[in-house]
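Dear colleague,

I am passing on the structure we spoke about, and below it you will find what came out of going through it. Please have it open while you read.

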Amino acid sequence: MKMITEKARQTPVHAEVDVLVAGGGPSGLAAAISAAREGASVLLMERYGCFGGNLTHVGVEGFAWYRHEGTIEAGGLVLEFEDKSIEVAGDNPECQSNSQALDAEMFKYAADLLVQEAGVRPLLHCSAVEAIVENGVIKGVIAESKSGRFAILAKRVIDCTGDADIAALAGAPYTKAPREQLMNVTTIFNCKGVDGRRFKDYIANELKPTYADWGGYWDIKTTGKEDDLFSPYFERPFVEAVRDGLIPDDENVALGGSWSSITEEGEVTQLNVVFVGKIDCTDVEDLTKAEISGRRAALHCIEVLRKKVPGFEKAKLRNFGMTVGTRESRKIEGHYTLTKEDVMEQGRFEDSIGIFPEFIDGVGYLILPTTGRYYQIPYRCMLPKNVDNLLVAGRSISGDKIAHVSFRNMSCCVTTGQAAGIAAAVSIKQGVTASAVDLEKVRQGLRRQNVRYD
């Protein structure tokens, strides 16, 4: 590879804070808000123009779609996010669960309110490009934006980028599967001009979708208890369209999936039916390919819907998500690696900082939490090796492939983010490093913020 040598430069310091949170998705919002509530000065940095991550950038409204009668979960900011969404956008029950579908556009504003109410300093349109590390301790990041290149110094840094970007820049070890084995990325889109009554009649009287349908064209393992539950899922029209030559067959693109809401205005939201494979979402060339091929496939899907699904005859694209939705990339090597057995056998840990239901969705598994089973999440999963005062929250904590399919879900990302924010603030109060924080003090903070960890 051809290389050039950059000139040495003096970099101005833009801000100095107690806690810097990089990435404003569900985990980053939770980390920033919870740290501020514990008295820390907090800056929340986000590369796009709004907070919310997969909720707002991608359009995934099914924030807690796993929740059913009998589900036990951590609570805390997970419930507050739903409450804030109801406050600004109105009640919108998610169609397959006991949860709220969070309006992707209105949650941009809800996130602004949550950040402002907590006293968090927001910084949008800004990306970290280098980590500042001295003697194995992170001191902040170098960032770039339309304002140029500058430093943000912090006593603690929380990596909520989803791809462990800060951990990787800091030299912390991580794992990442080959692109052929990574989970698919998705182009989410929304339709307008749908006859909602006819579509609902089709769902109720002809499609009659359940989770058992997920096993029609994919190899899915369930516990059986999920099979007869309603699922907003359709795949048959897309498979038939490929078979009949109505749309091109692309070996790297799978079509068929779910929707979220059907509005009185004729909108069907969160059409999650385009899955693009063999994409490494830390590779800019792969991301470019995914964005372009995903939009093309989404428009093919709308043609299929018009021809094969009652109510969609006059449907048009309302909008694409702001960016392709990603599921898997880097995972840190933490001081503990959460395993499939931990998730599926109700793992318990002395350093638990949160819980999550026995919910697995992906890589051939579909297990819904209807029986009260849950696992604990150990603090050590969020501590990367070799770099202190750096915490990692969200989908890139330390875990194996099956555990990742559970903890990658947005509500779990909120739980790990909330714990990371509290731990960062408490460790500063104590005058110790993040790895040496008194976990009982952290748990006192979790209790104050209504998070269950046992």
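Val-253 has Val-276, in strand 12, as its bridge partner. This is a predicted model, in which local features need pLDDT of at least 70 and side-chain atom pairs count only at pLDDT 80 or more, whereas totals for chains, interfaces and linings use all residues. Residues are numbered from 1 along each chain as its sequence is written, and side-chain values use heavy atoms, with hydrogens and water left out.

To stay with that pairing, strand 11 (residues 253-258) and strand 12 (residues 268-276) run antiparallel and are joined by four bridges; helices (H or I, at least four residues) and strands (E, at least two) are DSSP runs numbered from the N terminus, and two strands pair if DSSP finds at least two bridges between them. Strand 11 is also joined to strand 10 (residues 233-234), again antiparallel, by two bridges, with Tyr-233 standing opposite Ser-258.

Helix 4 (residues 106-118) has 13 residues, which at 1.5 Å a residue should span 18 Å, and its end C-alpha atoms are 19 Å apart, which agrees; the expected span is 1.5 Å times one less than the number of residues. The buried residues of helix 4 include Phe-107, Leu-113, Leu-114 and Val-115, and the buried set packs against helix 1 (26-37), strand 2 (42-45), helix 2 (54-58), helix 3 (77-89) and strand 3 (121-123). Just after helix 4, Gly-119 takes a positive phi of about 80°.

Two single residues may interest you. Ser-396 lies in the loop between strand 19 (390-392) and helix 10 (401-407), and Ser-396 is buried, with a relative accessible area of 0%. Leaving aside neighbours within four places in sequence, Ser-396 is in contact (heavy atoms within 4.5 Å) with Gly-162, Asp-163, Ala-164, Arg-330, Lys-331 and Ile-332. Asp-286, found in helix 8 (residues 284-308), counts as buried at 7% relative accessibility, and, not counting residues up to four places away in sequence, Asp-286 touches Arg-179, Lys-278, Ile-279 and Asp-280.

Finally, a search of the whole structure finds one cavity of 30 Å³ or more, a cavity being a set of points on a 1 Å grid over the protein atoms alone where a 1.4 Å probe fits but cannot get out. The largest cavity has a volume of about 40 Å³, the volume being the space filled by probe spheres set on the points, which are joined across faces, edges and corners. Its lining residues (an atom within 4 Å of a point) are Thr-187, Ile-188, Glu-291, Arg-295, Phe-320, Gly-321, Thr-323 and Val-324.

With best wishes

Conventions. Buried < 20%, exposed > 50% of the residue type's maximum accessible area, 1.4 Å probe, protein only. 1 Å grid on protein atoms, 1.4 Å probe; cavity = no way out; pocket = protein on both sides within 12 Å on 5 of 7 lines; lining within 4 Å.
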